[in-house]
Amino acid sequence: MATSRINWRKLMQPFAGVLVLPCVLAILIDFLMGWFPIVTIVALIICFPTAGYLLNRVTMQELNRVIDEIAPASFPEVELSEVEISEVEVAEKHQQKTQEILS
């Protein structure tokens, strides 16, 4: 059985770079300048949705990578056997049963 893991470092980079670092800097600026809630609120309004979007994208890329490694999407081509019914035959049988029911 193939094992593949999600690269957590790849997930933590956008989290730290887009959410944690700017918010910490905003809090420090607020305390140093004396504007306590203003810059922090603006930073949170900008950083939370941006970080959520980027984390979702990176997470989906990682999950797709893991899924492709574990279960590749390529399927072997299968030829139709004589046992299988074509769409035309299915439609004809459906039409016959419908006519039987209506009559």
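The model is predicted, so local features need pLDDT of at least 70 and side-chain atom pairs count only at pLDDT 80 or more, while totals for chains, interfaces and linings use all residues. Residues are numbered from 1 along each chain as its sequence is written, and side-chain values use heavy atoms, with hydrogens and water left out. A search of the whole structure finds three salt bridges, a salt bridge being a side-chain nitrogen of Lys or Arg within 4 Å of a carboxyl oxygen of Asp or Glu. Lys-10, Glu-62, Arg-65 and Glu-69 are linked in a network of such bridges.

**Salt-bridge network**

- Lys-10 pairs with Glu-62, their closest N and O atoms lying 3.5 Å apart.
- Because Lys-10 belongs to helix H1 (residues 8-33) and Glu-62 to helix H2 (residues 36-70), this pair ties together parts that are 52 residues apart in sequence. Helices here are DSSP runs (H or I, at least four residues), numbered from the N terminus.
- Glu-62 also meets Arg-65 in a salt bridge, at 2.9 Å from N to O. These two residues are three apart in helix H2, a separation of about one helical turn.
- Arg-65 forms a salt bridge with Glu-69 as well, with 2.9 Å between the closest N and O atoms. Glu-69 and Arg-65 are four residues apart in helix H2, again about one helical turn.

**Accessibility and surroundings of the network**

- Glu-62 is buried, with a relative accessible area of 2%. The classes are buried (under 20% relative accessible area), exposed (over 50%) and partly exposed (in between), using a 1.4 Å probe and protein chains only.
- Lys-10 is partly exposed, with a relative accessible area of 36%.
- Arg-65 counts as partly exposed at 29%, and Glu-69 is likewise partly exposed at 45%.
- Setting aside residues up to four places away in sequence, Glu-62 touches Ile-6, Asn-7 and Lys-10, where contact means heavy atoms within 4.5 Å.

**Nonpolar core**

- The largest nonpolar core has five residues, namely Val-18, Leu-19, Cys-23, Cys-47 and Ala-51. Such a core is a set of buried Ala, Val, Leu, Ile, Met, Phe, Trp, Tyr and Cys residues joined through side-chain atoms within 4.5 Å.
- H1 and H2 each supply at least two residues of this core, and the largest share, three residues, comes from H1.
- Leu-19 is in contact with Pro-14, Cys-47, Phe-48 and Ala-51, leaving aside its neighbours within four places in sequence.
- In soluble globular proteins, nonpolar side chains tend to be buried together.

- Asp-30 lies in helix H1.
- Asp-30 is buried yet has no salt bridge, and the nearest side chain of opposite charge, Arg-57, is 29 Å away. For charge, Lys and Arg count as positive and Asp and Glu as negative; His and the chain ends are not counted.
- Asp-30 touches Trp-35, Phe-36, Pro-37, Ile-38, Val-39 and Thr-40, not counting residues up to four places away in sequence.
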